[in-house]
Structures are given as C-alpha cells and as structure tokens.
Amino acid sequence: MRHRSIPFAVLVAIAALSAAPVVAQVIGVPGNPALITPLPPAPPPPRIEVPVVPQLGDLPRQQNMPQARRSFSDRITDCLQDGAAAGLGPNDRATYSRACANR
C-alpha cells in the first residue's frame, strides 16, 4: 500500500509546482484600476485616394519627374562633340569638356 501512495504524492507535488507559474501571470487585482495600464490610442485610419479616371478626348499628361544625372563619361562625350561642332581645337576642346562636364 505504501508503494501506491508515493506516485500520488508525486502527482500532488507536480500539480502544486505547476500551478505557481499560472498564478504569476496575473497582471493585477481586477478591482484596482490603478494597477491596470490603459491601452494606447488606435492609429488613424488609412487615407483612401480615388485614382484619376482618364476622360475620353483628353490628351495624356506628362508627369514632371526629375531626370537622373547622366554618367561622367556620357557628359564628357557630349561636351567633346559640342566643342568639335563649335570648331574648337583639341586643346580648347579638352578645357571646354572638363568645364562643361562638371556643371
């Protein structure tokens, strides 16, 4: 009979030890509002924008987007060609292309 009471005692001890973490999860006393922190306010609702519907007969509009700056090599090539078209000599073209590409 003594052997049967040992597993029962072990089960009671395990049950008592496992109940402690459950009790530790309680945030505060339900009747005391000072221990309960208020929830943060809700975020504002998202803005809904109605897309522009194209009308029949309207010309398409081009959006003014800033253009990406071209590479230095492309700018030098264009400046050298502009200098040659203006009739500059090789030395003057080199000076002109450096000043032109750095603008």
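Select Asp-78 to begin: at 28% relative accessibility this residue counts as partly exposed, a class lying between buried (under 20% relative accessible area) and exposed (over 50%), computed with a 1.4 Å probe on protein chains only. The model in the viewer is predicted, so local features need pLDDT of at least 70 and side-chain atom pairs count only at pLDDT 80 or more, whereas totals for chains, interfaces and linings use all residues. Residues are numbered from 1 along each chain as its sequence is written, and side-chain values use heavy atoms, with hydrogens and water left out.

Asp-78 and Arg-70 form a salt bridge, their closest N and O atoms being 2.4 Å apart; the term denotes a side-chain nitrogen of Lys or Arg within 4 Å of a carboxyl oxygen of Asp or Glu. Arg-70 is also partly exposed, at 44% relative accessibility.

Which residue forms a salt bridge with Arg-47? Select Glu-49, where the closest N and O atoms of the pair are 3.2 Å apart. Arg-47 is exposed, with a relative accessible area of 73%, and Glu-49 is likewise exposed, at 58%. The count of salt bridges comes to two. Side chains of opposite charge can pair when their charged atoms come close.

Now display the whole chain as a cartoon. The protein chain holds three helices and zero strands, and its elements run α-α-α from the N terminus on. Helices (H or I, at least four residues) and strands (E, at least two) are DSSP runs, numbered from the N terminus. Of the 103 residues, 7% count as buried.

Next, select helix 2 (residues 72–85) and helix 3 (residues 90–101). Their axes come within 8 Å and cross at roughly 135°. That angle makes helix 2 oblique to helix 3. Axes are lines fitted to C-alpha atoms, for helices over the stretch in contact, with angles from 0 to 180 degrees between N-to-C directions. Oblique is what remains after roughly parallel (under 35 degrees), roughly antiparallel (over 145) and roughly perpendicular (65 to 115).

Show the side chains where these helices meet. Helix 2 contributes residues including Phe-72, Ile-76, Cys-79 and Leu-80, and helix 3 contributes residues including Arg-93, Tyr-96, Ser-97 and Cys-100; contact means heavy atoms within 4.5 Å. The residues of the contact divide into eight nonpolar, two polar and three charged. Here Ala, Val, Leu, Ile, Met, Phe, Trp, Tyr, Cys and Pro count as nonpolar, Asp, Glu, Lys and Arg as charged, and the others, Gly among them, as polar.

Is Ser-97 buried or exposed? Center on this residue of helix 3: Ser-97 is buried, with a relative accessible area of 5%. Not counting residues up to four places away in sequence, Ser-97 touches Ile-76, Cys-79 and Leu-80.

Finish at Thr-95, also found in helix 3. Thr-95 is partly exposed, with a relative accessible area of 47%. The C-alpha atoms of Thr-95 and Leu-80 are separated by 9.6 Å, with the two residues 15 residues apart along the chain.
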